[in-house]
Amino acid sequence: MNPPKIPMSSPDLSDADRQAVIEVLNTPSLSMGPKILAFEKAFCDLTGAKHAIGVNSGTAGLHLCVRAAGIGPGDLVLTTPFSFVASTNVLLFENAIPVYVDVDPRTGNVDASRLAEAARDLAAGGAKARKWLPRRGSGTNGRLKAILPVDVFGQPADMDPICQVAAEFSLPVIEDSCEALGAEYKGRQAGTLGDYGVFAFYPNKQITTGEGGVIVTDDDRAADFMRALRNQGRAVGDTWLQHTYLGYNYRLDEMSAALGLAQINRFEELSAKRERVAKWYEERLAEIPGVETYAIGPATTRMSWFVFVVRFDERIERDALAQRLEARGIPVRPYFAPIHLQPYMVERFGYRAGDYPVTESLGRRSLALPFSGVMAEAQVDEVCSALREELQ
Ligand SMILES: *Cc1c(COP(=O)(O)O)cnc(C)c1O
């Protein structure tokens, strides 16, 4: 196996970004100082949200939203199996039950009309409700408590019909926008379309803090509560050793916040570079038979490219193809692997192949190609030429 010639992903760091981190190290404030406040303010400015709360990962942010939404043991939450595991895991942390709704094959986002049907059936109870629940292990109280859609690959979920269902059943919506910073849905910012939104900053995301995340919400009480939980359960007015709530250490340190602030101030530049790479891919891939890209729906008024994922015709053996590409030094990743078929999910809930056929089909046929804002056109050429040759 050759070492990769092209990295799978790469952060886009400037000298000024690096300098911003060094400057923090020349001060005594390494946690809960001015940088996190400035980083949070930048998110309020970017998204128009009333509150932004910095945390040390996207997963931590989603978990705090689950707590703020009052999701607890046995509660049912409508969500998608075509995602990164974190969107499900945060429900399991609180012993809530993810209720999966299969996705739209064009975009990979949750199918909003199917989600409405699930909500109605769950409200009706009995046999109608049971067909949406896992085969075993649910231990549910039967109460539908929230909706957790995911903005897949940088494209917002179809949030208007989802929020309509939420309003009909008085459910909070937690929007997992960890892949969609800066994306827009009908001109509105991803992450602000539900009650809570979360962004993430692992090094492959649109901006990075190393590890990190931000929650946005307009809800004053929830914001106070999540700030307290992030900081070991210390409520406003608590001293260092007073803990009103059971909390966590989900704080984002000042070095990370400084890097994030420098990056978010370059957001338009970073975003334009990713967009340019995506266009290079789209032009070249359009000419390769058997390969298609995910559709960008009409409600997506701005795409925020996170990864570049293609899917193949059913007749193409994706895994063998991936191996041949890797052998040529082109790194690729199957993306996503359906959550319900992960070993711990099968063990706990008894899921089987065939339970969510659209998700499984996308999971079998999809492949993420090397992608970042710092990729050169010649590298995109190299990936696409290798793909074309291996498909012949
Ligand atoms: C990246 C990501 C997260 C959060 O990941 P962290 O590594 O915890 O920051 C959550 N959901 C989705 C869909 C993601 O892609």
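Domain bounds here come from an automatic or database domain assignment. With those bounds, domain 1 (15–264) and domain 2 (268–391) both give residues to the lining of the second largest cavity, so that cavity lies between them. Keep in mind that this is a predicted model, where local features need pLDDT of at least 70 and side-chain atom pairs count only at pLDDT 80 or more, while totals for chains, interfaces and linings use all residues. Residues are numbered from 1 along each chain as its sequence is written, and side-chain values use heavy atoms, with hydrogens and water left out.

**Cavities**

- A cavity is a set of points, on a 1 Å grid over the protein atoms alone, where a 1.4 Å probe fits but cannot get out; lining residues have an atom within 4 Å of a point.
- The structure has 3 cavities of 30 Å³ or more, with grid points joined across faces, edges and corners and volume taken as the space filled by probe spheres set on the points.
- The largest cavity comes in at about 110 Å³, and 13 residues line it, with Phe-153, Tyr-294, Met-303, Trp-305 and Val-309 nearest its centre.
- Its lining splits into 10 nonpolar, 3 polar and no charged residues (nonpolar covers Ala, Val, Leu, Ile, Met, Phe, Trp, Tyr, Cys and Pro; charged covers Asp, Glu, Lys and Arg; the others, Gly among them, are polar).
- Domain 1 and domain 2 both contribute to the lining of the largest cavity, so it lies between them.
- The second largest cavity holds about 70 Å³ of space, and its lining includes Asp-12, Lys-205 and Arg-274.

- Strands (E, at least two residues) are DSSP runs, numbered from the N terminus.
- In strand S9 (residues 213–217), 5 of the 5 residues are buried, so the strand is largely enclosed by the rest of the structure (buried means under 20% relative accessible area, with a 1.4 Å probe and protein chains only).
- Gly-213, Ile-215 and Thr-217 point one way from S9, while Val-214 and Val-216 point the other way.
- S9 pairs antiparallel with strand S1 (residues 51–55) over 5 bridges, and Val-55 sits opposite Gly-213; two strands pair if DSSP finds at least two bridges between them.
- Strand S8 (residues 196–200) also runs antiparallel to S9, joined by 5 bridges, and Val-198 has Ile-215 as its bridge partner.

**Strand S13**

- Ser-366 and Ala-368 point one way from strand S13 (residues 366–369), Leu-367 and Leu-369 the other, and all are buried.
- Strand S12 (residues 308–312) is joined to S13 by 4 bridges in the antiparallel sense, with Arg-311 partnering Ser-366.

Key:
Buried means under 20% relative accessible area, exposed over 50%, partly exposed in between (1.4 Å probe, protein chains only). On a 1 Å grid over the protein atoms alone, a cavity is a set of points where a 1.4 Å probe fits but cannot get out, and a pocket is an open set with protein on both sides within 12 Å along at least five of seven lines; lining residues have an atom within 4 Å of a point.
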